[in-house]
Protein chains: 2
Amino acid sequence: MANFCLMIQYDGTRYNGWQRQGNTSNTIQEKLETILERLYGEPVDLNGSGRTDAGVHAFCQIANYRIPRILSRYTCQEIQQYFNEYLPQDIRILGVEKAEERFHARLSAISKTYEYRIDCGSVANVFERRYLYRVEEALDLDRMQEAAGYLTGTHDFKSFCDNRQMKKSTVRTIHEITLELENGILRIRYHGDGFLYHMVRILTGTLLEVGAGDLMPSQIPAILEARDRSFAGFTAPPQGLFLMDIYYE
Amino acid sequence: MANFCLMIQYDGTRYNGWQRQGNTSNTIQEKLETILERLYGEPVDLNGSGRTDAGVHAFCQIANYRIPRILSRYTCQEIQQYFNEYLPQDIRILGVEKAEERFHARLSAISKTYEYRIDCGSVANVFERRYLYRVEEALDLDRMQEAAGYLTGTHDFKSFCDNRQMKKSTVRTIHEITLELENGILRIRYHGDGFLYHMVRILTGTLLEVGAGDLMPSQIPAILEARDRSFAGFTAPPQGLFLMDIYYE
């Protein structure tokens, strides 16, 4: 089998997330698979590195697909051009590469980076407003950084997961959380080995509650220990969230 | 009379330009004047530094209004807050200042800068696509820079004006045109003492035709001399154009 790896950028605003779904339509995966089927003349399954929720963006999502070598008659450049000709303007293929046969965009991933963008400038940003979550309250970044320290490392993040029926392990490792404020935009970057349903958005909501003074940084360990969603902060809205990078061996 | 100066940022996508009009509505000036009337309880005329066309953006537009001192009961900060509370998200007031009584946003202006943004990257930009004009052809920037040299200085720009009934002088001075390419985005900046109807967009269309090889830089003097719109290039679309700065003494 030939194995192709796609680097995909998208503005998630108009979509019901990455993942193809039974009844609802208009997902990123569907848009891409429709074009693959047209290109190869038969259905092709695309494996994304992970789902992104409705309204969440990707600076660089990774996906792969395998096809029998006999059907593989296009070069990487031809595949990219074909996609970019037929995709809507809010989805672009940044690159196509041949991958080793055993490469799998989700199973081979070892870590990921997400970025959450918050507009905390004195005047709301006009031109990037679709990709920012606007916060009017003054934020104490030192306290947020302190809280981020408690969240870094290997923990059971059950309190930071919106899926109550989650039966698999909710233990994850966050390698690093960085906060960077520039021109009124606060970027919180999360690098970790994996993230639960809504985890980045709940981490962000919790850090924002710390920044606004509604939670103390020192309350974070108790929130983790509770293993109960109601102890953590709110789920920050999707429009500020970007999947940035996926790392492979 | 008290005289207030507003610094205004807007995404022009949804609007029929800056200028209030008789029958069509939904202009930036109208939105602002409606709020001023609500604030002061009587109609207030706003003078913009100049019109921007439908779909054109402003990084910083300047406007002023005069009101009798007896009605002037709000501080600059209160005026800014009131505007930003009631304006739609695609218009923001960046600042409000008290101006000298004789200051007039249009008549006191001595020069302006516009920027036109072109997406000429190998893959079309996803997140800034609403504020870029996408060009697929390869552009020769050296030739564009050479053509820009011919356009700089004091000339009759009648060939670069879409108003055929223009009766006033079409002589203008362009102080500088700079081209800057970064991350696949070409920014052309025009600094001049004033610009005719569609002038920046026709200058840009002409420079793009030079860059694509359809015009030679050395043809520019003849285009200027013709004083005939049909000799110059196409009118580049509005979404890539930003009013950046207005300079006063």
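Contact here means heavy atoms within 4.5 Å. By that rule, 22 residues of chain A are in contact with 22 residues of chain B. The structure is a predicted model, in which local features need pLDDT of at least 70 and side-chain atom pairs count only at pLDDT 80 or more, while totals for chains, interfaces and linings use all residues. Residues are numbered from 1 along each chain as its sequence is written, chains are lettered from A and ligands numbered from 1 in the order in which they are written, and side-chain values use heavy atoms, with hydrogens and water left out.

We can begin with the interface. Chain A and chain B bury about 1700 Å² between them, with 66% of it on carbon and sulfur atoms; buried area is the accessible area (1.4 Å probe) that two parts lose on being put together, summed over both. On the side of chain A, the residues that lose the most area to chain B are A:V123, A:V126 and A:F127, together 38% of what that side buries.

Four salt bridges are found between chain A and chain B, a salt bridge being a side-chain nitrogen of Lys or Arg within 4 Å of a carboxyl oxygen of Asp or Glu. The side chains of B:R130 and A:D11 form a salt bridge, at 4.0 Å from N to O.

A:E33 lies in helix 1, residues 28-40; helices (H or I, at least four residues) and strands (E, at least two) are DSSP runs, numbered from the N terminus. A:E33 counts as buried because its relative accessibility is 9%, where buried means under 20% relative accessible area, exposed over 50% and partly exposed in between (1.4 Å probe, protein chains only). The side chains of A:E33 and A:R20 are joined by a polar contact of 2.8 Å, and the side chain of A:E33 also reaches the backbone nitrogen of A:L46 at 2.9 Å.

A:G149, in helix 3 (residues 141-151) of chain A, is partly exposed, because its relative accessibility is 46%. Between A:G149 and A:P217 there are 68 residues in sequence and 8.9 Å in space, C-alpha to C-alpha.

Notes:
A polar contact is a pair of N or O atoms within 3.5 Å; within protein, one must be able to donate a hydrogen and the other to accept it, and residues adjacent in sequence count only if both atoms are side-chain atoms.
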